Amino acid sequence: MARQFRSKSKRFWSGAVPAVTALVATAILTLPADAQSRRTNSTSLTCAQAQSLIAQRGAVLMNTGPNTFDRYVNDRGSCQVNEYAKTDFIPTKDKKKCAVKRCESITPFSVP
């Protein structure tokens, strides 16, 4: 009787493993498209809303135009060790130039 159980179990796993592998691969391939669709558009927010969103989350990927986006941060704590938080300007619903910060690589000529 134990022999039948092993046989059925083996048949189950031999069919389940490829199905699970295909499911995981599909999920991984769809992640980048899903992440892009959830990116906030700076022009749909006021400057205060964009700044508040960045402050609440610490860092936000944000579209600034039809084909442009960047990662904006609250402070240097959201940057890599070799980066600093540089002031940048993005377009918003109420302002053409809303001050935000983004990470910039430290170079010999950059002043943090």
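Trainee: I wrote down that buried means under 20% relative accessible area, while exposed means over 50%. With that in mind, does Asn 63 count as buried or exposed?

Mentor: Asn 63 has a relative accessibility of 18%, and that is under the 20% cut-off, so Asn 63 counts as buried. Keep in mind that we are looking at a predicted model.

Trainee: Got it! Where is Asn 63 found?

Mentor: Look in strand S2, which covers residues 59–65.

Trainee: And what does Asn 63 touch, not counting residues up to four places away in sequence?

Mentor: Asn 63 touches Arg 39, Thr 40, Asn 41, Ser 42, Thr 68 and Phe 69. With Arg 39 there is also a polar contact of 3.3 Å between the two side chains.

Trainee: Ser 42 is in that list. Where is the place of Ser 42?

Mentor: Ser 42 sits in the loop between strand S1, residues 40–41, and helix H2.

Trainee: Let's change topic. How many disulfides does a search of the whole structure find?

Mentor: The search finds 2 disulfides. As a reminder, a disulfide is a covalent bond between the sulfur atoms of two cysteines.

Trainee: Which residue does a disulfide join to Cys 47?

Mentor: The partner of Cys 47 is Cys 98, with an S to S distance of 2.0 Å. This pair links distant parts of the chain: Cys 47 is in helix H2 (residues 47–57) and Cys 98 is in strand S5 (residues 98–105), 51 residues apart. Both Cys 47 and Cys 98 are buried.

Trainee: And which residue does a disulfide join to Cys 79?

Mentor: That one is Cys 103, at 2.1 Å from S to S. This pair also links distant parts of the chain, 24 residues apart, with Cys 79 in the loop between strand S3 (68–73) and strand S4 (83–90), and Cys 103 in strand S5. Cys 79 is buried at 11% relative accessible area, and Cys 103 is buried at 17%.

Trainee: Is the disulfide of Cys 47 and Cys 98 right-handed or left-handed?

Mentor: The torsion about the S-S bond of Cys 47 and Cys 98 is about 75 degrees, so that disulfide is right-handed. For Cys 79 and Cys 103 the torsion is about -90 degrees, so that disulfide is left-handed.

Trainee: What is the pairing if I number the bonded cysteines in sequence order?

Mentor: Numbered that way, the pairing is 1-3, 2-4.

Trainee: Back to helix H2. Which residues of H2 are buried?

Mentor: They are Cys 47, Ala 50, Leu 53 and Ile 54. Seen down the axis of H2, these buried residues fall within an arc of 130 degrees, so they line one face of the helix.

Trainee: Why would residues three or four places apart in an α-helix point the same way?

Mentor: An α-helix has 3.6 residues a turn, so residues three or four places apart point the same way.

Trainee: What follows H2?

Mentor: Gly 58 does, and its phi is positive, near 90 degrees.

Trainee: How many residues make up the largest nonpolar core?

Mentor: There are 11 residues in all, including Leu 45, Val 60, Tyr 72, Ile 90 and Val 100. The elements giving two or more residues to this core are H2, strand S2 and S5. H2 gives the largest share, 4 residues.

Trainee: What is Leu 53 in contact with, leaving aside its neighbours within four places in sequence?

Mentor: Leu 53 is in contact with Thr 40, Leu 45, Val 60 and Met 62.

Trainee: Last topic, the strands. How many bridges are there between S4 and S5?

Mentor: S4 and S5 pair over 8 bridges in the antiparallel sense.

Conventions. Residues are numbered from 1 along each chain as its sequence is written. This is a predicted model: local features need pLDDT of at least 70, side-chain atom pairs count only at pLDDT 80 or more; totals for chains, interfaces and linings use all residues. Side-chain values use heavy atoms; hydrogens and water are left out. A disulfide is a pair of cysteine sulfur atoms within 2.5 Å. Buried means under 20% relative accessible area, exposed over 50%, partly exposed in between (1.4 Å probe, protein chains only). A nonpolar core is a set of buried Ala, Val, Leu, Ile, Met, Phe, Trp, Tyr and Cys residues joined through side-chain atoms within 4.5 Å. Contact means heavy atoms within 4.5 Å. The arc is that of the directions from the helix axis to the C-beta atoms. Two strands pair if DSSP finds at least two bridges between them. A polar contact is a pair of N or O atoms within 3.5 Å; within protein, one must be able to donate a hydrogen and the other to accept it, and residues adjacent in sequence count only if both atoms are side-chain atoms.
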